[in-house]
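Colleague: Hi! Could you walk me through this structure, step by step?

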Amino acid sequence: MTAFDETPDPYTFAVLPTDVYEVTWMSGHVEQVAATDISFFNERVTFLADGGGRSRVVLSAREEDLRTIRSITEGESLPLGGGEPA
């Protein structure tokens, strides 16, 4: 496999499960984001997805710009410091 192959070797890379999150911005805009992991670091929320054995950033935003993050897959809300209670 070369670095340019789109299909990873199934014996080399484990496929991570993808969850769907509903993100509500402080402006009221609502969108859905598919991600394998969420990172909270330096007052930023970063959604990561598995892309052929590599993590790729799907969305990165300041916590203060988001009102809520809700896992549609699991039906839970993640608390944010800058917004209203979920």
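Modeller: Happy to, and let's begin with a term: two strands pair if DSSP finds at least two bridges between them. As an example, Asp-50 stands opposite Ser-55 in β5. Keep in mind that this is a predicted model.

Colleague: Okay, and what stands opposite Ala-49?

Modeller: That is Arg-56, again in β5. Between β4 and β5 there are eight bridges, and the pairing is antiparallel.

Colleague: How many residues sit between β4 and β5 in their hairpin?

Modeller: Two residues lie between those strands, and Gly-52 in the turn has a positive phi of about 65°.

Colleague: And how many bridges join β3 and β4?

Modeller: Five, and these two strands also run in the antiparallel sense, with β3 covering residues 37-41. One of the bridges joins Phe-41 to its partner Arg-44 in β4. The hairpin of β3 and β4 has two residues between the strands, and there Asn-42 takes a positive phi near 50°.

Colleague: So in which order do the strands of that open sheet come?

Modeller: The order is β3-β4-β5, three strands with antiparallel pairing. β3 and β5 each have a single partner strand, so they stand at the edges and one side of each has no neighbour in the sheet. From one strand to the next, the twist averages 25°.

Colleague: What holds strands together in general?

Modeller: Strands of a sheet pair through backbone hydrogen bonds, and this can be parallel or antiparallel.

Colleague: Back to β4: how many of its residues are buried?

Modeller: Six of the eight, which makes β4 mostly covered.

Colleague: Let's switch to the inside. Which residues make up the largest nonpolar core?

Modeller: That core has 12 residues. Among them are Tyr-21, Val-23 and Trp-25, along with Val-33, Ala-35, Phe-47 and Ile-69. The elements giving two or more residues to the core are β1 (19-25), β2 (30-35), β4 (44-51), β5 (54-62) and β6 (66-71).

Colleague: Which element gives the most to it?

Modeller: β1 does, with three residues.

Colleague: Are Tyr-21 and Phe-47 buried or exposed?

Modeller: Both Tyr-21 and Phe-47 are buried.

Colleague: New topic, charges! How many salt bridges are there in the whole structure?

Modeller: The search finds three. As background, side chains of opposite charge can pair when their charged atoms come close. Here, Glu-22 and Arg-70 meet through their side chains at 3.3 Å, N to O. This pair links distant parts of the chain, since Glu-22 is in strand β1 and Arg-70 is in strand β6, 48 residues apart.

Colleague: How exposed are Glu-22 and Arg-70?

Modeller: Glu-22 has a relative accessible area of 21%, so it counts as partly exposed. Arg-70 is partly exposed as well, at 33%.

Colleague: And which residues are linked in a network of salt bridges?

Modeller: Arg-62, Glu-64 and Asp-65 are. Arg-62 pairs with Glu-64, with the closest N and O atoms 3.3 Å apart, and Arg-62 also meets Asp-65 at 3.1 Å, N to O.

Colleague: What about the accessibility of Arg-62, Glu-64 and Asp-65?

Modeller: Arg-62 is partly exposed at 39% relative accessibility. Glu-64 is partly exposed at 47%, and Asp-65 is partly exposed at 26%.

Colleague: Great, thanks for the tour!

Terms used. Residues are numbered from 1 along each chain as its sequence is written. This is a predicted model: local features need pLDDT of at least 70, side-chain atom pairs count only at pLDDT 80 or more; totals for chains, interfaces and linings use all residues. Side-chain values use heavy atoms; hydrogens and water are left out. A nonpolar core is a set of buried Ala, Val, Leu, Ile, Met, Phe, Trp, Tyr and Cys residues joined through side-chain atoms within 4.5 Å. Buried means under 20% relative accessible area, exposed over 50%, partly exposed in between (1.4 Å probe, protein chains only). Helices (H or I, at least four residues) and strands (E, at least two) are DSSP runs, numbered from the N terminus. A salt bridge is a side-chain nitrogen of Lys or Arg within 4 Å of a carboxyl oxygen of Asp or Glu. Axes are lines fitted to C-alpha atoms, for helices over the stretch in contact, and angles run from 0 to 180 degrees between N-to-C directions.
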